[in-house]
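Hi everyone, thanks for coming. Let me put the sequence and the model up on the screen, and then we'll walk through it together.

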Amino acid sequence: MIISKVTKTNPKTTYSLVNNEIIFNADLSTSAKGLLSFLLSIPANKKIQKKDLKQYFTDGYYSIDSAFKELVDRKYIQKIELRSEKGRFIGYDFEVYDSPKKIKKEVRKIVNNLNNPKSVKVDNPEKLLNQIFIEDCQLTMLKMPNAFVDLVVCSPPYNEIRKYHGNHDFDFENIAKELHRIIKKHGVLVWVVGDETYRGSETATSFKQAIYLKEVCGFNLHDTMIFEKNGSAFPANKNGHRYTQIFEYMFVFSKGKPKTCNLISDKQNRWEGWTNWGKKTQRNNKDEIVETTNINPVPEFSPRNNIWRYATGAGYGTKDKIAHEHPAIFPDKLAEDHILSWSNEGDIVYDPFAGSGTTLKMAKLLNRKYIGSEKNKKYKKIIENRIRFILR
Ligand SMILES: C[S@@+](CC[C@H](N)C(=O)[O-])C[C@H]1O[C@@H](n2cnc3c(N)ncnc32)[C@H](O)[C@@H]1O
């Protein structure tokens with residue numbers, strides 16, 4: 001057996017292990033192969049705790065956590081979130097693909113039940129409106145019936161750029177599937193995301209997430225928009241290797257065709273009032289120039305394009321000083337522009353990663369109903385403050 005080092009053990013985490021045949025010429029790291037061979041060597045009905053692995057993996061270069069992550073990412077094993085009947089998170093279970101194990105009666109697999117409305121207990125969803133839930137967004141979404149919200153505007157944690165006191169590692173795949181379930185038909189999801197540069201390469205997490213939301217969850221990728229910032233904390237230098245990173249993606253997904261598209265028309269036209277060089281003429285189908293009544297003069301304003309520019313940084317993105325206690329807020333105006341574009345007054349707007357509460361604040365200001373989830377209780381006071389004393 002290949003030896004690996006065990007670090008960061010979590011006694012709450014359990015691994016259910018089954019015997020299986022494995023094609024072992026896979027392109028895996030040595031520690032992942034070692035871990036996999038170890039998992040496969042354990043009898044099917046034996047269940048061990050992660051902390052118990054310590055006695056088998058005592059030396060080596062990689063942490064046991066990275067090996068597990070690699071096996072999950074490469075789809076050799078699957079990570080399953082376990083919850084009690086009341087929906088309380090009780091840990092993760094890992095199992096080797098194609099060999100499902102029986103789950104104890106009092107525990108259910110959240111991944112399999114998410115698309116089954118009967119498995120989701122809904123206690124008067126009206127109670128969820130205009131509320132902030134300081135909890136994992138998966139718990140909040142469990143309380144929502146199918147096709148419940150009109151619009152989601154959110155920005156998930158970006159790799160490890162910011163750690164949010166340990167809340168950066170989120171269960172993207174299950175959250176993405178849940179978002180698809182709770183969004184109404186023709187509703188919209190705005191996913192604002194950037195990439196971390198790690199060892200000289202951008203992670204491309206944003207693209208991977210966009211492809212997953214489209215290909216696996218079934219969203220329509222309505223528009224790939226750009227959030228251009230006025231500045232960067234790390235401007236390029238003449239002798240450096242890369243240009244200043246100045247934008248983030250704003251992927252706009254919809255469940256089918258978006259039901260609300262109030263395009264913001266604030267692009268001033270230079271040729272306002274003009275027709276066809278002063279003449280109302282057009283070519284007919286014989287290619288002759290003829291007088292027509294069809295041509296309207298160029299309007300004063302037209303819909304803007306899909307690159308939106310906002311000032312960021314203290315005092316610019318928002319007037320709320322308290323908001324800057326959160327390390328990664330997006331500008332009030334960005335949330336406002338998306339809420340205006342993809343929803344109407346009275347609609348339900350949800351932010352599963354509320355952070356400092358920007359989306360919630362702007363939804364309230366624009367007479368929408370809001371729902372927010374934020375895992376980190378340190379941000380509760382910021383959100384409550386911003387929603388209570390709305391500053392423009
Ligand atoms: C990029 S920030 C969002 C900032 C927000 N858009 C704003 O303007 O303030 C991401 C937030 O998601 C939170 N978070 C991470 N995983 C979460 C989860 N599973 N459920 C709820 N919140 C989570 C983090 O604590 C962090 O505050």
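How are H7 and H8 oriented to each other? Before I answer, two notes on the ground rules. Residues are numbered from 1 along each chain as its sequence is written. What you see is a predicted model, so local features need a pLDDT of at least 70 and side-chain atom pairs count only at pLDDT 80 or more, while totals for chains, interfaces and linings use all residues.

Back to the helices. Helices here are DSSP runs of H or I with at least four residues, strands are E runs of at least two, and both are numbered from the N terminus. Helix H7 covers residues 332-342, helix H8 covers residues 358-365, and the two pack at an angle of about 55° with their axes 9 Å apart. For those of you who like the details, axes are lines fitted to C-alpha atoms, for helices over the stretch in contact, and angles run from 0 to 180 degrees between N-to-C directions. H7 and H8 are therefore oblique to each other. The classes are: under 35 degrees roughly parallel, over 145 roughly antiparallel, 65 to 115 roughly perpendicular, and the rest oblique.

H7 passes H8 in a right-handed crossing, where right-handed says that the near helix is turned clockwise from the far one by less than a right angle, and left-handed that it is turned anticlockwise. From H7, the contact takes in Asp332, Ala335, Glu336 and Ile339, and from H8 it takes in Thr358, Thr359, Met362 and Ala363. Contact here is defined by C-beta atoms, placed from the backbone, that lie within 7 Å. By type, these residues split into 4 nonpolar, 2 polar and 2 charged. Nonpolar covers Ala, Val, Leu, Ile, Met, Phe, Trp, Tyr, Cys and Pro, charged covers Asp, Glu, Lys and Arg, and polar covers the others, Gly among them.

H8 has another partner, helix H9 (residues 380-388), at an angle of about 20° and with the axes 9 Å apart. That makes H8 roughly parallel to H9. This crossing is right-handed too. Here Leu360, Lys361 and Lys364 of H8 meet Ile383, Arg386 and Ile387 of H9, giving 3 nonpolar, no polar and 3 charged residues.

Ser31, Ala32, Leu35 and Leu36 of H1 make the contact with Ile64, Ala67, Phe68, Glu70 and Leu71 of H2, and the set divides into 7 nonpolar, 1 polar and 1 charged.

On to the sheet. It is open, with 8 strands in the order E6-E19-E18-E7-E8-E12-E11-E17 and mixed pairing; strands pair if DSSP finds at least two bridges between them. E6 (131-133) and E17 (307-310) are at the edges with a single partner strand each, so one side of each has no neighbour in the sheet. Neighbouring strands are turned by 20° against each other on average, direction ignored.

Strand E12 (residues 247-254) pairs antiparallel with strand E8 (residues 183-193) over 6 bridges, including Val192 with Met250. Strand E11 (residues 220-229) is joined to E12 by 8 bridges, also antiparallel; among them are Ile226 with Tyr249 and Thr224 with Phe251.

Finally, confidence. pLDDT is the predictor's confidence in each residue, from 0 to 100. The protein averages 79, and 75% of the residues score at least 70. Residues 1-23 are below 50, and residues 98-120 stay under 50. Where pLDDT is low, the predicted coordinates should not be read in detail.

Technical notes:
Two residues are in contact if their C-beta atoms, placed from the backbone, lie within 7 Å.
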